[in-house]
Amino acid sequence: MVSVVYEAPDTIEGAVTLLAGSDIPANVLAGGTDLIIQTRASRDAERLLVDVKKIPGMSDANLVDGALELGPSMSCAEFTARENIRAVYPGLVEAASLIGSTQVQGRASVGGNLCNSSPAADTIPALIVNSAECVIVGPGGERTVAVEDFVTGVGANCMEKGELLKLIRVPAPEANTQDAYLRFIPRTEMDIAVAGAGVSITLDDKGNCTAAKVAIGAVAPTAILVPAAAEALIGTDLNDDVLQVAADAATEASSPITDRRGTIEFRRHVVGVLVKRAIKIAADRVKGVRT
Amino acid sequence: MTKTHVTTTINGDVTEFLCEPGDTLLDVLRNELQLMGTKEGCSSGDCGACSVTVNDRLVCSCLVLGVEAEGAEIGTIEGIADNDKLHVLQEKFLEHAALQCGICTPGLIVSAKALLDENPSPTEDETRYWLAGNLCRCTGYDKVIRAVLDAAETMREGA
């Protein structure tokens, strides 16, 4: 049985001091839906859990000049209830709403989903297509890392010892831009993505695509941007032939594994289908024909 | 390891307990406070048998540390009935035979009450999605859903 040391500092500096100074393995505790299970299964003799939820701002979300400043430990239940945020980033909110059950939503956070760094994390493709950034603070000061550079491998990220994710910053979308996120699971609820696709689409007033981002999840060691898919869309009216090119680009960029929930062949195919469908949803949102 | 002293509110009563920092809220409820209504199923947040509310938010108590209860308001199955008078949800579960072995029932009732507190008129779909985190291996869920929808209707009429 691992012996837990629990601290709940009320400042960022206090948390960084605890994390940086710990001589036993240390983790940041937000919702704990992954961490508490991992801690219980751990072979460590001791572990320090630094609960950051008592630090002001860590569980807040604000729209500042149209940009989202998201406290990493805000629960998904609170985040997805914010209609003003859903109105700006429906795809990101959709992704957050897919994580786990109602009970898990009550604790799990977008920051936790990011820091757990699972290849199948639903919010990561949605954050990437919204050009989100991580503000990380540590003993050496503060740095900002794009979400697409944050995760470095399966369950691994760029955070160094003593560092803490302080804020997720999502820039205000350009005019006539909308996002969407879709995932495939074999059941209707309570499952982990077999493949996922996030897109952001900008249209001009004639319905032609002027900017796009496509990111795919659960089909590579990390969620990845697919620039070739986005390039195929820009300058087109998003007709079916173009969507197929984008889908093929996503399939080509993927490098999935076979496991009990899906084979390599299935994941490569499905990720393309999800890309096509997500593009249509985002474009319909720009045109105002769906929310 | 020294135990931590925690002051919390459970079903409206100020409650104090001592726990190890690694103990879950579920451990504390069952082992320290003898509140045995909250059940342990999977202990990994998948089955919902240990559902409670923390500050009115539905959670799995196996995924909350006991020390995190400091200053919080906890709601458990023991706080659902009004002394000897069953809650409408409890009556409807009996009426619709929405339980067999009963292990999932406290979690289902706590979850269903959280749903009806937030949405007094849920659709069948909304109810099924909300309760998807409460696994039941006996009933096949249909009776549970009927009981919750019937309770919702009764509560709306009584409101």
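**Figure 1. In chain A, residues 24 or more positions apart account for 64% of the contacts with a separation of 6 or more.** A contact means two backbone-placed C-beta atoms within 7 Å. The model is predicted: local features need pLDDT of at least 70 and side-chain atom pairs pLDDT 80 or more, while totals for chains, interfaces and linings use all residues. Residues count from 1 along each chain's written sequence, and chains are lettered from A and ligands numbered from 1 in written order. Along its principal axes, the C-alpha atoms of chain A fill a box of roughly 60 × 45 × 35 Å. Of the 291 residues in chain A, 52% are buried. Burial is counted from other backbone-placed C-beta atoms within 10 Å: 20 or more is buried, 12 or fewer exposed, anything between partly exposed. Twelve helices and 14 strands make up the secondary structure of chain A. The radius of gyration of chain A is 19 Å, close to the 19 Å of the globule rule for 291 residues, so chain A is as compact as a globular protein of that length. That radius uses C-alpha atoms; the rule is 2.2 Å times the number of residues to the power 0.38. Helices (H or I, at least four residues) and strands (E, at least two) are DSSP runs numbered from the N terminus.

**Figure 2. An open sheet of four strands in chain A runs in the order E11-E12-E13-E14, with antiparallel pairing.** A:Ala215 has A:Leu225 in E14(A) as its bridge partner. Helix H5 (residues 90-97) of chain A packs on this sheet. It touches E11 and strand E12 (195-203) of chain A, and its direction makes about 25° with that of E11(A). H12(A) also packs on the sheet, touching E11, E12 and E13 of chain A. The direction of H12(A) makes about 30° with that of E12(A). Pairing requires at least two DSSP bridges between two strands.

**Figure 3. Helices H11 (residues 240-253) and H12 (residues 264-287) of chain A have axes that come within 8 Å and cross at roughly 140°.** That angle makes H11(A) oblique to H12(A). The crossing of H11(A) past H12(A) is right-handed. On the H11(A) side, the residues that meet H12(A) include A:Leu243, A:Ala246 and A:Ala247. Among their counterparts in H12(A) are A:Arg268, A:His269, A:Val271 and A:Ile279. Axes are lines fitted to C-alpha atoms, for helices over the stretch in contact, with angles of 0 to 180 degrees between N-to-C directions. Angles under 35 degrees are roughly parallel, over 145 roughly antiparallel, 65 to 115 roughly perpendicular, the rest oblique. Left-handed means the near helix is turned anticlockwise from the far one by less than a right angle; right-handed means clockwise.

**Figure 4. Chain A meets chain B through 20 residues of chain A and 21 residues of chain B.** Strand E1 (3-7), helix H2 (35-41) and helix H6 (102-105) of chain A each supply at least two residues on the chain A side. E1(A) gives the most to that side, with four residues.

**Figure 5. Five strands of chain B form an open sheet in the order E2-E1-E5-E3-E4, with mixed pairing.** Strand E2 (13-19) and strand E4 (57-60) of chain B stand at the edges with a single partner strand each, so one side of each has no neighbour in the sheet. From one strand to the next, the twist averages 40°. Helix H3 (residues 105-118) of chain B packs on the sheet and touches E3 and E4 of chain B. The direction of H3(B) makes about 40° with that of E3(B). B:Asp13 counts as exposed, with 9 C-beta neighbours inside 10 Å. B:Asp13 and B:Ile74 are 61 residues apart in sequence, yet 9.4 Å apart in space from C-alpha to C-alpha.

**Figure 6. Strands E3 and E4 of chain B form a hairpin with two residues between them.** B:Asn55 sits in the turn and has a positive phi of about 50°. Four bridges join E3(B) to E4(B), and the two run antiparallel. B:Val54 stands opposite B:Arg57 in E4(B). Strand E3 (residues 51-54) of chain B is also joined by two bridges to strand E5 (residues 73-75) of chain B, again antiparallel. There, B:Thr53 has B:Gly75 as its bridge partner.

**Figure 7. Helix H2 (residues 88-95) of chain B carries buried residues.** They are B:Val88, B:Leu89, B:Gln90, B:Lys92 and B:Phe93. Their cover includes H3 and helix H5 (142-158) of chain B. After H2(B) comes B:Ala97, with a positive phi near 50°.
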